[in-house]
Amino acid sequence: MNTRKINFENASGDKLAALLDLPSDREPDAYALFAHCFTCSKDYKGVVWVSRALAANGIAVLRFDFTGLGESEGDFADTTFSSNVTDLVAAAEFMRREFEAPKILVGHSLGGAAVLHAAARIPSAVAVATLAAPSSTDHLVGVIRSSAAEIESSGEAEVEIGGRRFRIRKEFLDDLSVVNMRDAVSGLGRALLVCHSPADRTVGIDNANELFLAAEHPKCFLSLDSADHLCSNSDDARYAGAMIATWARRYLGDK
C-alpha cells in the first residue's frame with residue numbers, strides 16, 4: 001500500500017494530520033475523503049481497513065484526525081459538530097489544491113453525519129457513503145447525559161468515552177441541539193449509500209432506515225450483516241470499502 005503522511009491547516013490555522021492512501025499499481029480513478037467516528041482517529045483499524053480496501057479498488061483516500069484528536073493540533077474541548085464539518089471542508093479544499101478534489105465522501109458514525117452536512121459545501125462530491133451513521137444526534141447526547149447537569153451548570157465537564165476522558169463544553173451540546181439530519185439528507189443532492197449492520201448496538205439499524213427514507217434517489221442500502229458499530233473485524237471493514245468503491249464508480253463518470 002502506498003500511503004503518504006501529510007498535513008494541512010483548518011480554518012483556525014491548526015495543523016491537522018492526515019494520511020493519503022493511494023493505489024499501489026495505478027493512478028487513482030478518483031479521490032475520496034474519509035471522516036472518522038466521534039473521538040476516534042485516522043489510525044483506528046476500521047478506518048484503515050476501509051480506506052485501504054478503497055485504495056485497492058482504485059480510489060485514493062485522504063483520512064485525517066479532526067481538530068484536537070490523534071496527531072492533529074488544537075484543543076478537542078473547543079470543537080463542535082460544526083467545527084468538524086468545517087474541518088472536512090478544509091480537507092476537501094486542500095485536496096483540490098494539492099491533488100484532486102474529492103468526488104466521494106465517506107463517514108463513519110458521527111463522521112457519517114458530518115459528511116452529510118459537509119457535502120453542500122464540497123461541490124466536487126458526487127457520492128456520499130455512510131457507515132453506521134446516526135439519523136439524529138440523540139444517541140451522542142445520551143452518551144454524555146450523565147455529565148449533562150455539570151456541563152450546564154459549570155459550562156464544561158470531563159466525560160469518559162471509550163475508556164478515555166474528554167472535556168466537553170456546553171457549546172458542543174448547544175451545537176448538537178440544532179443539527180438537523182433530515183434536512184441534510186433530503187437536500188443532499190448526491191448519490192447516497194447507507195451502510196449499516198442490523199447487529200449494531202450503538203447506533204441501531206432504525207437509524208439507517210430513517211436516513212434511507214429521508215433521502216432522494218439515487219440511493220442504496222448495504223447491510224453489513226454481523227458487523228459491530230466500529231467495524232472492528234477486518235473482513236467487515238474491507239467488504240464495506242470494496243462495496244463503496246464498486247457502488248461509487250457508477251457516479252464518477254470519465255476521469
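Tutor: A residue counts as buried under 20% relative accessible area, as exposed over 50%, and as partly exposed in between (1.4 Å probe, protein chains only). This is a predicted model, in which local features need pLDDT of at least 70 and side-chain atom pairs count only at pLDDT 80 or more, while totals for chains, interfaces and linings use all residues. Residues are numbered from 1 along each chain as its sequence is written, and side-chain values use heavy atoms, with hydrogens and water left out.

Student: What makes helix H3 mostly covered?

Tutor: Helix H3 spans residues 110–118, and eight of its nine residues are buried. The buried ones are Leu110, Gly111, Gly112, Ala113, Ala114, Val115, Leu116 and Ala118. Helices (H or I, at least four residues) and strands (E, at least two) are DSSP runs, numbered from the N terminus.

Student: How many helices and strands does the protein have, and why is the protein called as compact as a globular protein of its length?

Tutor: There are nine helices and ten strands. The radius of gyration is 17 Å, close to the 18 Å that the globule rule gives for 255 residues, so the protein is as compact as a globular protein of that length. That radius is taken over C-alpha atoms, and the globule rule is 2.2 Å times the number of residues to the power 0.38. Along the principal axes, the C-alpha atoms fill a box of roughly 55 × 40 × 35 Å. Of the 255 residues, 55% count as buried.

Student: What share of the contacts with a separation of 6 or more comes from residues 24 or more positions apart?

Tutor: Such residues account for 69% of those contacts. Contact means heavy atoms within 4.5 Å.

Student: How do you know that Cys37 and Cys40 form a disulfide?

Tutor: Their sulfur atoms are 1.9 Å apart. A disulfide is a pair of cysteine sulfur atoms within 2.5 Å, so the pair of Cys37 and Cys40 qualifies. The structure holds one disulfide.

Student: What makes the link of Cys37 and Cys40 left-handed?

Tutor: The angle about the S-S bond is -55°, and with that value the link is left-handed. Both Cys37 and Cys40 are buried.

Student: Why is Cys220 called partly exposed, and why is Cys231 called buried?

Tutor: Cys220 has a relative accessible area of 31%, which lies between the two cut-offs, so Cys220 is partly exposed. Cys231 has 4%, which is under 20%, so Cys231 is buried.

Student: How do you know that Ser51 is buried?

Tutor: The relative accessible area of Ser51 is 0%, under the cut-off, so Ser51 is buried. Ser51 is found in helix H1, residues 45–56. Leaving aside neighbours within four places in sequence, Ser51 is in contact with Asp21, Phe34, Val61 and Arg63.

Student: What is said of phi in Thr39 and in Ala132?

Tutor: Phi of Thr39 is near 65°, a positive value in a residue other than glycine. Ala132 also has a positive phi, near 55°, and is likewise not glycine. Thr39 lies in the loop between strand E3 (30–35) and H1, while Ala132 lies in the loop between strand E6 (127–131) and helix H4 (138–143).

Student: Why are Thr39 and Ala132 called buried?

Tutor: Thr39 has 5% relative accessibility, under 20%, so Thr39 counts as buried. Ala132 is at 5% too, and therefore counts as buried.

Student: Why is His139 called partly exposed?

Tutor: His139 has a relative accessible area of 23%, which falls between the cut-offs, so the label is partly exposed. His139 lies in helix H4. Not counting residues up to four places away in sequence, His139 touches Pro134, Thr202 and Val203.

Student: How far apart are the C-alpha atoms of His139 and Pro218, and what kind of peptide bond joins His217 and Pro218?

Tutor: The C-alpha atoms of His139 and Pro218 are separated by 27 Å, with the residues 79 apart along the chain. The bond joining His217 and Pro218 is a cis peptide bond, with omega about 5°. Pro218 sits in the loop between helix H8 (205–214) and strand E10 (219–223).
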